[in-house]
Amino acid sequence: MLEVLAQTLEIQGGLQLSQGQADVSLKTSQQAEQIWKRLGKQYNRPLLENNVETVLYGLYKSFT
C-alpha cells in the first residue's frame, strides 16, 4: 500500500513540476522519498532536483 502512495506522489510531483509549481513539486517529491526510505528502497532524487533547478533557473532568467 505504501509503494502505491509513493508512486502516486512521484507522479503528482512530476505533474506539479510540469505545471510550473516547482516548490510544491519538491515538497511532494520529498514526501515520496520519505516513504521510499521507510520501505528501504532508493528514490531517484537527483533527477528531480535537477528538473527543479532547471525550472527555477528558467523562471529566474525570465525575470532578468
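**Note on helix H2 and its surroundings**

1. The buried residues of H2 are Ala22, Ser25, Thr28, Ser29, Ala32, Glu33, Ile35 and Trp36. Buried means under 20% relative accessible area, exposed over 50%, and partly exposed in between (1.4 Å probe, protein chains only). Seen down the axis of H2, these residues fall within an arc of 160 degrees, so they line one face of the helix. The arc is taken from the directions from the helix axis to the C-beta atoms.

2. This is a predicted model: local features need pLDDT of at least 70, side-chain atom pairs count only at pLDDT 80 or more, and totals for chains, interfaces and linings use all residues. Residues are numbered from 1 along each chain as its sequence is written, and side-chain values use heavy atoms, leaving out hydrogens and water.

3. The other side of H2 has exposed residues: Asp23, Lys27, Gln34, Lys37 and Arg38. An α-helix has 3.6 residues a turn, so residues three or four places apart point the same way.

4. H2 covers residues 22–38, 17 residues in all. From first C-alpha to last, H2 reaches 24 Å, close to the 24 Å expected at 1.5 Å a residue. That expected span is 1.5 Å times one less than the number of residues. Helices are DSSP runs (H or I, at least four residues), numbered from the N terminus. Glycine 40 follows H2, with a positive phi near 75 degrees.

5. Which residues make up the largest nonpolar core? They are Ala6, Leu9, Ala32, Ile35 and Trp36. Such a core is a set of buried Ala, Val, Leu, Ile, Met, Phe, Trp, Tyr and Cys residues joined through side-chain atoms within 4.5 Å. H1 (2–18) and H2 each give two or more residues to this core. H2 gives the most, with three.
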